[in-house]
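Dear colleague,

Please find below the structure for your review. My findings follow directly after it.

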Amino acid sequence: MTAISQLSPQPLWQWFEQICAIPHPSKYEHALSQHIQAWAKAKGLALKEDAVGNLIIKKPATPGMENRKIVVLQAHIDMVPQKNDDTTHDFTTDAIQAYVDGDWVKAKGTTLGADNGIGMASALAILGADDIAHGPLEVLLTIDEEAGMTGAFGLEAGLLDADILINTDSEQEGEIYMGCAGGVDASITLPLEWQAPTATQAFELKLTGLKGGHSGVNIHLGRGNANKLLARFLMGHGQALQLANFSGGTLRNAIPREAKCQLVINQADLAEFSQAMDSFQEIIRDELAIADPAVCLTLSPIAMPSQVLTLATQQQFIRLMHACPNGVERMSDEIVGVTETSLNLGVVSLDQQQATLLCLIRSLIDSGRSEVEGRLQALAELAGAKLALNGAYPGWKPDNSSPVMAIVRDTYQAIYHKEPTIMVIHAGLECGLFKKPYPDMDMVSIGPTIRFPHSPDEMVNITTVGQYWQLLLAVLEAIPAKD
């Protein structure tokens with residue numbers, strides 16, 4: 001056995017090791033889904049794959065608990081595919097290289113997939129156990145949560161019989177989540193015009209070294225956004241260059257860690273441009289000394305590109321990026337320390353026809369989201385660009401009278417002799433979408449401590465996985481009888 005599968009609780013970690021071994025980035029969950037389905041059939045469990053690819057697995061109650069309310073444990077199958085620039089890894093074919101580092105499990109150069117692999121592993125471990133007390137149990141594993149919540153959007157009424165849903169996608173031990181932000185994808189497209197380069201030397205300018213992270217739960221930490229920082233530099237020092245390309249970030253829900261552009265510049269301007277790079281790097285390292293101190297700018301020679309942006313298009317593009325809002329827009333007045341509204345300029349790319357800026361707007365309130373949408377619309381119109389809004393999903397409205405929240409709170413207090421923190425998370429849990437087909441289902445979200453999700457620094461704390469497991473089993477045992 002490897003170090004991962006020997007960790008405690010062993011059934012959970014053995015499943016997590018299997019999950020890491022089977023590629024399952026968003027949109028490519030099929031192999032892992034097939035593995036889980038084959039296992040469930042071999043165990044004799046009731047199994048259904050719905051029209052969009054979600055899995056529903058049902059298990060009878062342990063003897064004596066048949067009259068308890070039905071509980072569905074919910075997790076998503078997919079993971080965020082992010083890797084360091086110097087890491088060779090194909091998320092569609094390669095296993096995640098997980099390893100133990102003290103009290104943490106990490107991955108070599110990539111995201112770990114503890115979000116939401118640990119929650120999925122816990123649900124599957126309970127399905128496979130003969131020594132865990134529970135009432136009638138259902139497990140819902142959704143697809144494509146990280147790239148559009150396709151599974152949650154497609155979940156139909158009538159597939160689940162449960163009275164209670166326990167979402168396992170939270171990322172802080174000791175916190176119970178009873179609400180979350182809604183969101184929408186915002187895509188700004190700017191038409192491009194090209195010309196032949198007239199300067200003499202071509203380079204690639206890269207900005208690297210940032211921490212990145214989850215664009216919801218980490219947005220308030222003030223970390224650098226690679227797209228915004230590189231645009232800021234070009235805004236102040238782009239007069240002498242001709243821009244041939246720009247790309248930054250890979251996912252709209254991950255704070256971009258790296259961005260790069262291809263540029264053409266004359267030899268006479270190169271020394272001054274290099275000095276400006278060094279000066280800018282020093283300024284940003286000073287500004288982000290606590291939040292993101294390792295930012296780095298590098299300049300490398302490349303082959304001469306066949307075309308560059310016209311001067312007018314280049315100015316429009318750089319100004320659009322520089323002016324695009326990013327980060328926390330407003331903190332919640334009702335819930336201390338929780339972000340109310342934010343947006344993340346997650347991906348910037350160019351093709352022959354247009355530049356595309358992809359943002360994810362999040363808000364606990366619809367009016368906050370609408371306000372940011374309006375500002376992006378105004379910005380697009382001023383820049384001669386177009387705004388498209390897609391994939392809007394609702395927030396999960398907190399319910400202070402939730403019976404299952406009270407059960408989890410009281411169970412936690414009985415085990416650990418301290419009050420858990422009742423929270424609303426600034427991220428897109430699927431619970432808000434489940435409320436449409438199942439409006440009367442009582443919901444709560446719990447999980448272990450996961451640091452830096454959506455980045456290659458992602459790690460999960462081993463001790464808190466054990467605490468989460470203990471809490472989850474105790475909650476299942478404490479579920480009351482049906483009315």
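This is a predicted model: local features need pLDDT of at least 70, side-chain atom pairs count only at pLDDT 80 or more; totals for chains, interfaces and linings use all residues.

The largest pocket holds about 450 Å³ of space. Its lining is made up of 23 residues, and those closest to the centre are Glu334, Ile335, Leu364, Ile365 and Pro398. Two or more lining residues come from each of β8 (175-180), β9 (182-191), α8 (366-383) and β22 (421-425). Of these elements, β22 provides the largest share, namely three residues.

Helix α11 covers residues 462-478. With 17 residues at 1.5 Å a residue, α11 should span 24 Å, and its end C-alpha atoms lie 25 Å apart, so the two values agree. The N-terminal end of α11 is capped by asparagine 461, which has a side-chain oxygen 3.3 Å from the backbone nitrogen of threonine 463. The buried residues of α11 include Ile462, Val465, Tyr468, Trp469 and Leu476.

Isoleucine 36 belongs to helix α2 (residues 30-42). Its relative accessibility is 0%, and isoleucine 36 therefore counts as buried, the cut-off for that term being under 20%. Leaving aside residues up to four places away in sequence, isoleucine 36 touches Trp15, Leu55, Ile57, Met120, Leu124 and Leu141. Between isoleucine 36 and alanine 114 there is a separation of 78 residues in sequence and of 17 Å in space, taken from C-alpha to C-alpha.

Yours sincerely

Conventions:
Residues are numbered from 1 along each chain as its sequence is written. Side-chain values use heavy atoms; hydrogens and water are left out. On a 1 Å grid over the protein atoms alone, a cavity is a set of points where a 1.4 Å probe fits but cannot get out, and a pocket is an open set with protein on both sides within 12 Å along at least five of seven lines; lining residues have an atom within 4 Å of a point. Grid points are joined across faces, edges and corners, and a volume is the space filled by probe spheres set on the points. Helices (H or I, at least four residues) and strands (E, at least two) are DSSP runs, numbered from the N terminus. The expected span of a helix is 1.5 Å times one less than its number of residues. Buried means under 20% relative accessible area, exposed over 50%, partly exposed in between (1.4 Å probe, protein chains only). A polar contact is a pair of N or O atoms within 3.5 Å; within protein, one must be able to donate a hydrogen and the other to accept it, and residues adjacent in sequence count only if both atoms are side-chain atoms. Contact means heavy atoms within 4.5 Å.
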